[in-house]
Amino acid sequence: MTVHFKQDEPDTRNLLDQGSQGVIGTAMSRPEGLAKVTGTAPYSAEYRFDDCLVGVLVTAPFTKGRITGIDKETALAMDGVVAVIDDSRMTARPAQGGAGEAPQQSPRQICYYGQPFALVVATSFEKARHAAKHLPFSYEADDVSDIPLDPETAETEAGDGGMQAGDLAHAMATAEHAVDVSYTTMGHASAAMEPHAAIAQWDGGRLTVHASLQMPNYNISELADALDLTEDKVRIVSRYVGGGFGSKLGLSEETTAAALAAMELGKPVKVVMSRQQVFQSIMRRSESSQRVRLAVDAEGRLTGFGHEARVSNLPGEEFAEPVLQSSAFLYAGENRLLALDVARIHQMTAGSVRAPGEAIGMPVLEAAMDCLAEEAGIDPVELRLRNIPEKDPGKGLPFTTHELADCLKKGAEAFGWDSGPRKPRQNRDGEWWIGTGMASAARVHNVAEAKARVTLNADGTARVQSDMTDIGTGTYAILTQIAAEMLGLDPANVMVELGDTDFPRGPGSGGSWGAVSIGSAVVIACDAIRQSLAKKAGIDADDLKLKDGKLQGSQPRSLSELLDGGNMSEEGHYEPGDISDDYTSSSFGAFFAQVRVNRHTGETRVDRMLGAFGFGRVLNEKTARSQCLGGMVWCIGSALTEALHFDPVDGHLVNCDLAEYHVPVHRDVPDLEVMLVESRDPAASAVQGKGVGELGMCGGAGAIANAVYNACGARLFEFPMTPDKVLADMPD
Ligand code: MOS
């Protein structure tokens, strides 16, 4: 049976609190953790198939133009080479676009440097790589001087998220205090540890692809569409994913190319992108330029709020980094202006990279708020507290739970925030200036349609199945806990099977909606099982107490007795409803950082950092905390080191490996403290929780920027704040 719940209003049944096992919310370790750390959890490239061929992608060494010829004969004469695939169906890009709507359909047309256009298949990786490197081809490249590459001078189109109310210019002119500040941020790479990989098999009638993907529920449609197959002829398996951060939301060429090769050759074909290909050919977070205007009255209450941004993407691509997403509702101000422009340039595709929008919009807004706090002479925490709106100031809607004030206050207290007057260059330790800074965190809350099957067996075990993925976020753990809690089982007796499109459609992992969406589906399925068990036991479902595999009560009964030795299976179907018309929903938080800046070199080190986060119910204290920690590490990276560098002449990505693209390493990350400010949000999901995955990186780079200013007096308007920029701006 399928039990359907559409969230048109707050779900006050609070189903998850009916469970009795006492495991929900606890810091349970990942059930698959041991397999992962011992190397026995198979990632996509690690499945073994007899007679497996290996493909290597060939990418364009020019920016724009077309491939005019590929000398397949020469390639096929090379040792071990069995095929050269250049089928136009390979280019199913963009990862963000709708299936079948990709603007770059033909691999012969090249629109960015590094675009894959062919796959060389051979009997070994070395032979395929050699032939791919020496594949003879001809091309006609446009003159680079005619190709738009600079987002500041390229043509633009308006992106989503703009709005205007009142008169911002007037509010600025008549304000007691005002700031008008402009910033730039540089592109980011998702830099997932596992490179993009796929192994495709074709049995003559059905395609099976083991691939590293975040959204098999959606990728199956993309793949079927790209290959002109019906979905029942396609199976995607994605059991373990070594990080995605947005880069595996959509299909990319390793998957389509492996599938096409397998279908043509009738043998399994494996394609793994090199690290350089992942950097050059998958996607980037757009750089941005942003202007923030803030106007306050004598009490420090915002009367004007303006946030305008310019981002970029390839011509025709739908995605535009949604920089203004949280600015729409985070702070008050009746005179508002939000505007997003997308510059059309021929750099690699811009797409979702973890916390798309807020990851760069929030740090900039929060750095501007720090300028305003200084200008108005108000403590930065107090300034934010004074400007938390009663309702979404743009839409006029109430919020679901709103944890910002709580996080600001509790975080400040735990960090030991000094609310006294603030001045830069007050603390020095030898050659290091020391300072503190803070920022708010906000990330919109989303849910997605989700289905899961739960089967309860007479032996007191249960099985949860969905094509949902665990991209390192903890899905296996939280679904184990939800089923164990609802059905009264030891978590060791719950088996969770994910990442296989032969299972019911999950929501996929993206946009921080995964845990609460699939969790809601599992709760709904378990509730249906509980109802049936209560009926069998002849008691009211509200009185059903299941614990340790038994029906508790004056006369405990075992599950096998209740199930007559059989099993019970239900499919839960969670669907987002009209509730989003009635509420604005977001997760919130606050960051506090202490940094030290070297007065001679401009080097910045983060001494300590604390984040307080509120997102409704915590499903697993350990995995939720880990998500926040990971986000805070990225705050350090985006504040200080992470930047994609493109050659200004031809737009190719210069730093395409982890030696040149600087993610924080262990030595860069100090003790990070995460504080979870828990509540119940019945309007957010059927588990009373909101998204947490991306929250930890939404604003924290701003806290670090503000701390750099407080430490050494360098007020920077460019992220990342590398030593050269800090030094250039540091007062003598
Ligand atoms: Mo996320 S950037 O939606 O994986």
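This is a predicted model: local features need pLDDT of at least 70, side-chain atom pairs count only at pLDDT 80 or more; totals for chains, interfaces and linings use all residues.

Student: How many residues line the second largest pocket, and which lie nearest its centre?

Tutor: There are 31 lining residues, and those nearest the centre are Met193, Gly243, Phe245, Gly472 and Gly630.

Student: Which helix gives the largest share of that lining?

Tutor: That's α14, with seven residues. Both α1 (33–37) and α14 (621–640) supply at least two residues each.

Student: And how does the lining divide into nonpolar, polar and charged?

Tutor: You get 15 nonpolar residues, eleven polar ones and five charged ones.

Student: OK, switching to helices. At what angle do α11 and α12 pack?

Tutor: About 25°, and their axes are 9 Å apart. Helix α11 covers residues 475–487, while helix α12 covers residues 514–537. With that angle, α11 counts as roughly parallel to α12, because the cut-off for roughly parallel is under 35 degrees.

Student: Is the crossing left-handed or right-handed?

Tutor: Right-handed, as α11 passes α12.

Student: Which residues in α11 and α12 meet?

Tutor: From α11 there are Thr475, Ile478, Leu479, Ile482, Ala483, Met486 and Leu487. They meet residues of α12 including Ala515, Ile518, Val522, Val523 and Arg530. By class, this contact of α11 with α12 has twelve nonpolar residues, two polar and two charged.

Student: Now the other pair. How do the axes of α8 and α15 cross?

Tutor: Helix α8 (residues 358–376) and helix α15 (residues 700–712) cross at roughly 35°, and their axes come within 7 Å. This crossing of α8 and α15 is right-handed.

Student: What meets what in α8 and α15?

Tutor: Pro363, Glu366, Ala367, Asp370 and Glu374 are the α8 side, and they meet Ala701, Gly702, Asn706 and Tyr709 in α15. That contact of α8 with α15 divides into four nonpolar, two polar and three charged residues.

Student: Let's do the backbone. Is the peptide bond from Phe719 to Pro720 cis or trans?

Tutor: It's cis, with omega near 0°. Pro720 is in the loop between β30 (718–719) and α16 (723–729).

Student: And what about the phi of Arg425?

Tutor: Arg425 isn't a glycine, yet its phi is positive, about 60°. You'll find Arg425 in the loop between α10 (404–415) and β18 (427–429).

Student: Why point those two out?

Tutor: Because most residues other than glycine have a negative phi, and most peptide bonds are trans.

Note on methods
Residues are numbered from 1 along each chain as its sequence is written. Side-chain values use heavy atoms; hydrogens and water are left out. On a 1 Å grid over the protein atoms alone, a cavity is a set of points where a 1.4 Å probe fits but cannot get out, and a pocket is an open set with protein on both sides within 12 Å along at least five of seven lines; lining residues have an atom within 4 Å of a point. Helices (H or I, at least four residues) and strands (E, at least two) are DSSP runs, numbered from the N terminus. Ala, Val, Leu, Ile, Met, Phe, Trp, Tyr, Cys and Pro count as nonpolar, Asp, Glu, Lys and Arg as charged, and the others, Gly among them, as polar. Axes are lines fitted to C-alpha atoms, for helices over the stretch in contact, and angles run from 0 to 180 degrees between N-to-C directions. Angles under 35 degrees count as roughly parallel, over 145 as roughly antiparallel, 65 to 115 as roughly perpendicular and the rest as oblique. A crossing is left-handed if the near helix is turned anticlockwise from the far one by less than a right angle, and right-handed if clockwise. Contact means heavy atoms within 4.5 Å.
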